[in-house]
Amino acid sequence: MNDTSAVKDALRRQQIETPSWAYGNSGTRFKVFAQRGVPRTPQEKIDDAAQVHRFTGVAPSVAVHIPWDKVDDYAALAAHAEECGVRIGAVNTNVFQDDDYMLGSVTNPDAAVRRKALDHLLEAVDIMDLTGSRDLKLWFSDGTNYPGQDDIRTRQDRMAEALAAVYERLGDDQRFLLEYKLFEPAFYMTDVPDWGTSYAHCVKLGPKAQVVVDTGHHAPGTNIEFIVAFLLREGKLGGFDFNSRFYADDDLMVGSADPFQLFRIMYEVVRGGGYDAGAGVAFMLDQCHNIEPKIQGQIRSVMNVQEATAKALLVDADALRAAQQSGDVLEANAVFMDAYNTDVRPLLAELREEMGLHPDPVAAYKASGYFERVAEERKDGQAAGWGA
């Protein structure tokens with residue numbers, strides 16, 4: 001796409017969802033570092049998410065995590081979001097923090113524990129009904145630590161049974177996104193360890209079951225863009241959890257560890273029609289800002305996705321196709337690299353001004369005084385963090 005106006009039009013309709021938990025205190029297994037101004041309630045998390053949208057113009061939804069964002073009135077929470085200029089996005093479930101889930105949730109050998117986990121998943125669909133959310137995000141820490149600990153095939157049967165029950169409960173305009181993770185906290189065998197397992201379960205269930213790709217949940221060297229291309233070809237890519245990693249599931253800011261990989265992924269999204277209007281691919285962030293300011297970290301992450309998308313849209317598809325068909329390996333790579341090496345920051349700054357926004361979202365946020373105000377307002381009470 002060489003027409004700058006067409007690229008801008010495409011970028012103008014971009015939507016990137018931020019996660020409520022990214023605004024709370026987070027850390028590592030060793031330490032959670034408390035910060036000033038951190039939200040104390042789900043409503044305050046939404047207030048912060050609204051700031052990201054205010055200064056970027058492309059982050060109109062915020063994902064919630066249950067029970068971390070549990071409230072008495074979810075319709076009122078959705079109304080609060082609307083008043084802030086955003087909306088409730090994906091509803092994320094939690095079947096990994098209770099003691100009952102030590103040996104798994106929906107794949108646990110104990111039928112009572114499996115029932116408890118399923119009830120929570122169904123409760124999340126009830127919350128979707130109240131908030132108007134389209135997506136239910138499912139991630140399971142289920143797995144085993146030792147060979148022989150449990151029967152692998154039986155655990156897959158249990159997983160399939162639970163997913164089928166959730167699928168049956170979904171409304172016509174709802175769907176679930178099944179996440180996968182190579183390892184952790186289960187270190188011998190994870191019940192949904194890779195995209196193939198997630199894909200197989202989703203194919204069996206039908207169109208309301210889609211795969212979500214967390215960019216941190218892969219072995220080193222995995223060609224994530226191939227996975228993206230394949231799932232788009234099969235109509236099974238439901239969305240992304242964007243983050244970066246250096247070693248394992250680090251949940252660092254997207255584009256920080258390998259911006260070229262993010263560009264390659266976004267090219268396949270554009271190439272495969274995943275960026276088209278109505279494609280249904282959800283572009284979500286899933287990050288923990290351990291040492292960086294929360295709102296600034298989310299703004300920068302949104303900008304990183306914007307830059308990778310802009311570069312992907314600038315790939316000269318005709319020139320690339322001609323080089324590929326003629327077998328000109330170096331020319332094909334050169335066309336690809338020309339787009340990646342383009343400095344798209346001036347284009348995005350110009351686009352923001354056309355949208356009535358400041359060309360530098362981070363500078364605009366810092367100058368707004370929002371952080372100083374909420375840091376004072378929130379100095380008392382319990383700051384939100386892991387598990388809240």
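## A pocket and its lining

Strand β3 gives the largest share of the lining of the second largest pocket, with 4 residues. Keep in mind as you look around that this is a predicted model. The pocket has a volume of about 510 Å³, and 25 residues line it. Nearest its centre lie Gln15, Arg87, Arg134, Val281 and Ala282.

Which strands each supply at least two residues of this lining? They are β1 (16-19), β3 (87-92) and β10 (282-285).

## Two cis peptide bonds

Now turn to the backbone. A cis peptide bond links Ile66 to Pro67, with omega at about 15 degrees. Pro67 sits in the loop that runs between β2 (61-65) and α3 (74-83).

Another cis bond leads from Glu184 to Pro185, and here omega is near 5 degrees. Pro185 belongs to the loop between β6 (175-178) and β7 (189-190).

You can find Asp251 in the loop between β9 (237-242) and α8 (259-271). Is Asp251 buried or exposed? With a relative accessible area of 12%, Asp251 is buried.

## A buried arginine without a salt bridge

The loop between β9 and α8 also holds Arg245. Arg245 is buried but has no salt bridge.

What does the side chain of Arg245 reach instead? One backbone oxygen is that of Ala219, at 3.1 Å, and another is that of Tyr247, at 3.4 Å. Setting aside neighbours within four places in sequence, Arg245 is in contact with several residues, including Thr215, His218, Pro220 and Ala257.

## Charged pairs

Side chains of opposite charge can pair when their charged atoms come close. In this model the count comes to 28 salt bridges. One of them joins Lys181 and Asp249, whose closest N and O atoms are 3.1 Å apart. Lys181 is in the loop between β6 and β7 and Asp249 in the loop between β9 and α8, so this pair ties together parts 68 residues apart in sequence. Both Lys181 and Asp249 are buried.

Another salt bridge runs between Glu225 and Arg264, with the closest N and O atoms 2.5 Å apart. Glu225 is in helix α7 (residues 224-233) and Arg264 in helix α8, so the pair connects parts that are 39 residues apart in sequence. Glu225 and Arg264 are both buried.

## A helix pair and a network

Glu377 and Arg373 form a salt bridge too, with 3.2 Å between the closest N and O atoms. How many residues apart are they in helix α14? They are 4 residues apart in this helix (residues 370-377), so about one helical turn separates them. Glu377 is partly exposed, with a relative accessible area of 46%, and Arg373 is partly exposed at 43%.

Salt bridges can also share partners, as they do in the network that joins Lys8, Asp9, Arg12, Glu350 and Glu354.

Methods
Residues numbered from 1 in each chain as written. Predicted model: local features only at pLDDT ≥ 70, side-chain atom pairs only at ≥ 80, totals over all residues. Heavy atoms only, no water. Buried < 20%, exposed > 50% of the residue type's maximum accessible area, 1.4 Å probe, protein only. Lys, Arg positive; Asp, Glu negative; His and termini not counted. Salt bridge = Lys/Arg side-chain N within 4 Å of Asp/Glu carboxyl O. Polar contact = N/O pair within 3.5 Å; in protein donor to acceptor, adjacent residues only side chain to side chain. Contact = heavy atoms within 4.5 Å. 1 Å grid on protein atoms, 1.4 Å probe; cavity = no way out; pocket = protein on both sides within 12 Å on 5 of 7 lines; lining within 4 Å. Points joined across faces, edges and corners; volume = space filled by probe spheres on them.
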